[in-house]
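Subject: Structure handover

Hello,

Here is the structure I promised to pass on. Please open it first, then read the notes below.

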Protein chains: 2
Amino acid sequence: MATIHDIAVGAAFNIVTAVAFLLLFAFLRLQPVNDRVYFPKWYLKGTRASPASAGATVAAAKYINLDISSYLKFLSWMPAALKMPDDELIQHAGLDSVIYLRIYRTGLKIFVPITILAFAVLVPLNWTNDTLESLKVVHSDIDKLSISNIPYGSKRFIAHLVMAYVFTFWTCYVLMKEYQIVAKMRLRFLASEKRRPDQFTVLVRNIPSDPDESVSELVEHFFLVNHPGHYLKHQVVYNTNKLAGLVEKKKQMQNWLDYYQLKFERKAERPTTKTGFFGCFGSDVDAIDYYKSEIEKIGKEEAEEHKKVMKDPKSIMPAAFVSFRSRWGAAVAAQTQQTSNPTVWLTEWAPEPRDVYWNNLSIPFVSLTVRRLIIGVAFFFLNFFYVIPIAFVQTLANLEGIEKALPFLEPFIETPSIKSFIQGFLPGLALKIFLILLPTILMFMSQFEGLVSQSSLERRTASKYFIFLFFNVFLGSIVTGSALEQLNTYLHQSANDIPRVIGVAIPMKATFFITYVMVDGWTGVALEVLRLRAFIMFHLKNFFLVKTEKDREEAMDPGSICLYWSEPRIQLYFLLGLVYAVVTPLLLPFILVFFALAYVVYRHQIINVYNQRYESGAQFWPNVHLRIITALIVSQLLLLGLLSTKGLEEATPALLVLPVLTIWFHKYCKHRYEPAFVRNPLQRR
Amino acid sequence: MATIHDIAVGAAFNIVTAVAFLLLFAFLRLQPVNDRVYFPKWYLKGTRASPASAGATVAAAKYINLDISSYLKFLSWMPAALKMPDDELIQHAGLDSVIYLRIYRTGLKIFVPITILAFAVLVPLNWTNDTLESLKVVHSDIDKLSISNIPYGSKRFIAHLVMAYVFTFWTCYVLMKEYQIVAKMRLRFLASEKRRPDQFTVLVRNIPSDPDESVSELVEHFFLVNHPGHYLKHQVVYNTNKLAGLVEKKKQMQNWLDYYQLKFERKAERPTTKTGFFGCFGSDVDAIDYYKSEIEKIGKEEAEEHKKVMKDPKSIMPAAFVSFRSRWGAAVAAQTQQTSNPTVWLTEWAPEPRDVYWNNLSIPFVSLTVRRLIIGVAFFFLNFFYVIPIAFVQTLANLEGIEKALPFLEPFIETPSIKSFIQGFLPGLALKIFLILLPTILMFMSQFEGLVSQSSLERRTASKYFIFLFFNVFLGSIVTGSALEQLNTYLHQSANDIPRVIGVAIPMKATFFITYVMVDGWTGVALEVLRLRAFIMFHLKNFFLVKTEKDREEAMDPGSICLYWSEPRIQLYFLLGLVYAVVTPLLLPFILVFFALAYVVYRHQIINVYNQRYESGAQFWPNVHLRIITALIVSQLLLLGLLSTKGLEEATPALLVLPVLTIWFHKYCKHRYEPAFVRNPLQRR
């Protein structure tokens, strides 16, 4: 049992680590050599140039910051990150990023008042009992602050009931306000933007094949007849895999040409290269001439391939982007059913060009439903049975196995210290690798399902990841057991018992989750700002690969908000906060620190680092909302289970009202606000 | 335990009853005096006239059929009912009626092959065991034909497994074909009809209030701006309760006037009436003059009220019917979102005029969601706790209570034979009354929910009624216990145990359900064709109230298919058939007889009797489909529960695949066909 002292030590350790990371970051970011790691966004915007090209400064100053005064203000980036107003931030980084930050702000809005109230009401109420002492059970001070310290059948539980109501209403109130604001921001964003082509364009899929007409003619006739006066033009989708390869190859050649021309300019001596594999074998030729001729050759191939694709009916996919004269016409086409057969001529708003996921545009309708079934079943098995293959890998990957496969390693492995290290480390390795790969695996699953835009892929993957985290991290830590064992338990327990069993275990796991918040939340966020991976990769590439200015551009990896990876993890904190708000309020401050720190860090990253790959106009907000509501309902059910063992008979009916009201609230919000995220209204302004 | 002999006796008894009813019907329908009871549809169509007005026949022949040859062909109505081709029937009775008949045909299509297969494969397989005899348990011959007769762990269960697959695939195949046909029929029906106003009209609700403009101006401006070129005109909805009262009163007066004028014509003496209460008190006046002046007076009042309503902004409701120049314009307006606020300017296809449920047109959005919550909770309590108030009424309605309230009845009640009758009858009475009133209660609940068309009200009520039947009749008979006790059981049992407990009880209840099918199905249908209630009511009215030809028209009550009452009951037979197909195939022939008989009877009623109140274009089919799918999944889960106790380990995973596939099939059908029932496509033909 962890005592408050243990927690304090853990907190101190994590705070020190986090602060160390932040200090390291403050130091590294001031070095000009790291400029492209920590400020790539500004380079992409064109407002910053490489210090290398500045030229006039001292050579050392190009790499290291010698201005001591700037070190003194090492935390200055924090207020700087907070300064930029929302409107400017939308201009700078897009609406998606701004609304992503709102998730953290929503966390603060929900949990600051809840924390204050819980500490004002529940903590004194829990503390002023001596149930745990009188029972002489092993307990820590944290348990004294939790609901466990209230005696069986005490009337004090009424305070917890009331608080559950207050917390629910407050959460719902904040959620509604936020939904309202986000919806308004989205609509304003869509309306205020310049005439974006995707606002006039509809994606048509499953165009039926016609023996007499090409896809292009078919589309034109169909829309001329059915949307006369609104139809403007259309663009058929081609399968251009080969062409894309040629374009890529030409780009590489161009880069080599640039490199040699630069070399030539500096050395005034025509460089040579070898024609063979990677320029290493074969006969020497004049490099500039060689690459010039290569580029010309590929250019011709490209033109030929282009012609071929345009002619070949097989490379035309049964999908097209149809543009309309007015937003109105596009809105009409996107929202209505075109023919009596609802599986052909499927229309929807076109995703913006960057957002399109091209591979999935031509999947036929029946195939789509079959794919969905397959992924549904596969995800179920992944979620509940993932431990089986991992256990299998673990039995393979033992010391003897390695020694057999790679016998020359034997003397090395048999060293006692290394042996014990491997024995302690290896079993967890397969699991660790799996967990790191998991979001990517889930993304592959979503891609297989056949969604047509990056943003919808991310949203779908986030849902899957959240479900996985809920069962395997949240419930897995409470019930202690793999999801497979849990599944067995759930199937064999009554609907009544499940929340009770989990609910009763909740107060006991508070210290575990506090540690989790500190390690995964605090330190994780501090690591994010450091961008260790991008830092190492950039310097490695810069050292070994970068030849031209363009290479340097490409070595710079601004990254972007990985919604499908990070949003479900935030939701885990919402879940923990809401579940423990009534049970063990001590957890709340830790979550508050996480939200505050993450808000500042991600704001800084969005301003200075990330470069969003697409702009969906905050279409992910309904999912965020839904998951917070889910967390709220889970917290209510678990509290219900917990209180049903505490001897307060009135508790069960009183608490049963809450999930019903919450579900109703969700339905109301869904009707009221969700359409703004799915459709565009017709009204003219 | 019922033996096959018992069942045979029961069947014989029910067959005799049903045949007696059919004979009685065959006799009664031939009497001209009952013409308006058994052929009202033709009167409403105007192709038949009252025998009373025919005049030339003998007086007796006006009332009794003396043509003996017609009695010999007493079953001739059956082939006659089957003769009319579908297209003509659609012309005659509307698409709703024809598709309603398709439900019975679907039943036959599903169950005829299943019955044959079950009797060819499963019955011999079950019969050729002697488990029950060797176990020496009390059993009947029916149990020998059921799955109970197969020994624990036998490989013969594989046949049942395979049959479960075959039955599922066959059912799904039939369902898909039917969905396809019905969708096509609906689209053809909509397209082939004359230009119906509702195909050009959209119902707009929740029009926001504007201080500067009236609702009418607002609607006009809004649609002129947002649907230019398509908008034609609109009709605001007025609250005209008072006006409707006046119109009703005028109609009555007109009827009286007609009556006295007829009297005057026949007797050539001006009739008089009294001005007071119901023409019984007050001074004598000339009746014709009196009613003429009264009609004139009311006519003036009407005109005044009409003017007042048109002027008074309070009587204008925030709803309007907006007509468009083309079906295309209406389709666009109905399917798109109008403004950025999705709770105002809600558009949907206007129900056809007869179908509108006027009372609900002006309920604001928030109120709608609150109402839905209230009804959801209320229905939950009705479904699971309805026994409580009934038990309460039963404790009140005992003999002592009656004696106290109505002391003069005491000597009568105290007669031993009457006392025992009342004591046996009274406790069940409250329940019986409740069950008879239930569909009406559910209809009230749906009305409160705020749906705007009769057809959607019927559909919603049917869903509620099916849920009630499922829990209280189907599960209630199997688990034996009120739904409240069941709820308790379900909450305290694991998800694994529930299908097992119910599944194991299923073979034992086969005889009960066979009896149920005979009593409720066979005899019930025979009673329906007899139209006992309409028969009695018509003759009573004809004798006491009918004064004019118009009164006679009104005394005639053709009735209509009560979808919300009858469809869920049919679904109960689907459920029974699918559940028992594998377990006790003996039940299947009884269900087949029901479907066949009901098909003929309802076809006859639809041709000769019913007068549909509205035409929804078979919009109820998706619900029918959904409920058969539900029945299929329930049957699979219960079979899973049953087989899990039979010692065949492979059964559980093999059967678990079925519900997953069925749910997927349902999703596929929903995507593929349902849109045809909700929206109208845009494509021009």
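Chain A superposes on chain B by a rotation of 180° with 0.0 Å of shift along the axis, at an RMSD of 0.1 Å. (The superposition is by least squares on the C-alpha atoms of residues with pLDDT of at least 70 in both copies.) This is the relation of a two-fold axis. In chain A, A:Ser494 has the C-alpha nearest the axis, 1.8 Å from it. Both copies use the same surface: 100% of the contact residues of chain A recur in chain B.

Two notes before you go further. This is a predicted model: local features need pLDDT of at least 70, side-chain atom pairs count only at pLDDT 80 or more, and totals for chains, interfaces and linings use all residues. Residues are numbered from 1 along each chain as its sequence is written, while chains are lettered from A and ligands numbered from 1 in the order in which they are written.

**Where the chains meet**

36 residues of chain A are in contact with 36 residues of chain B. (Contact means that the C-beta atoms of two residues, placed from the backbone, lie within 7 Å.) On the chain A side, the elements that give two or more residues are α12 (215–226), α15 (327–335), α16 (365–385), α22 (483–492), α30 (651–673) and α31 (675–678). (Helices are DSSP runs of H or I with at least four residues, strands are runs of E with at least two, and both are numbered from the N terminus.) α30(A) gives the most, with six residues. By class, this side of chain A has 17 nonpolar, 15 polar and four charged residues. (Ala, Val, Leu, Ile, Met, Phe, Trp, Tyr, Cys and Pro count as nonpolar; Asp, Glu, Lys and Arg as charged; the others, Gly among them, as polar.)

**Chain A overall**

Chain A has 31 helices and six strands. Of its 685 residues, 35% count as buried. (Buried means 20 or more other C-beta atoms within 10 Å of the residue's own, exposed means 12 or fewer, and partly exposed lies in between; the C-beta atoms are placed from the backbone.) Among contacts in chain A with a separation of 6 or more, 78% join residues 24 or more positions apart.

**The sheet**

Four strands of chain A form an open sheet in the order β2-β5-β1-β6, with antiparallel pairing. (Two strands pair if DSSP finds at least two bridges between them.) β2 (231–238) and β6 (346–349) of chain A are the edge strands, and each pairs on one side only. Neighbouring strands are turned by 25° against each other on average, direction ignored.

β5(A) is largely enclosed by the rest of the structure, because seven of its nine residues are buried. Six bridges join β5(A) to β2(A), and the two run antiparallel. There, A:Gln235 has A:Phe321 as its bridge partner. β5 (residues 316–324) also pairs with β1 (residues 201–205) of chain A, antiparallel, over four bridges. A:Val202 is the bridge partner of A:Val322, and A:Val204 stands opposite A:Ala320.

α12(A) lies across β1, β2 and β5 of chain A, and runs at about 155° to β2(A). (Axes are lines fitted to C-alpha atoms, for helices over the stretch in contact; angles run from 0 to 180 degrees between N-to-C directions.)

Chain B has an open sheet of four strands too, in the order β2-β5-β1-β6, with antiparallel pairing. In chain B, β1 (residues 201–205) and β6(B) run antiparallel and are joined by four bridges. B:Leu203 has B:Glu348 as its bridge partner in β6(B).

**A helix pair**

The axes of α7 (residues 86–93) and α8 (residues 95–127) of chain A come within 7 Å and cross at roughly 130°. That makes α7(A) oblique to α8(A). (Under 35 degrees is roughly parallel, over 145 roughly antiparallel, 65 to 115 roughly perpendicular, and the rest oblique.) A:Asp86, A:Leu89, A:Ile90 and A:Ala93 in α7(A) meet A:Leu95, A:Ser97 and A:Val98 in α8(A). Their contact has five nonpolar, one polar and one charged residues.

**One lysine**

A:Lys263 is in helix α13 (residues 241–267) of chain A. With 17 other C-beta atoms within 10 Å, A:Lys263 is partly exposed. The C-alpha atoms of A:Lys263 and A:Thr548 are separated by 9.8 Å, though the two residues are 285 residues apart along the chain.

Best wishes
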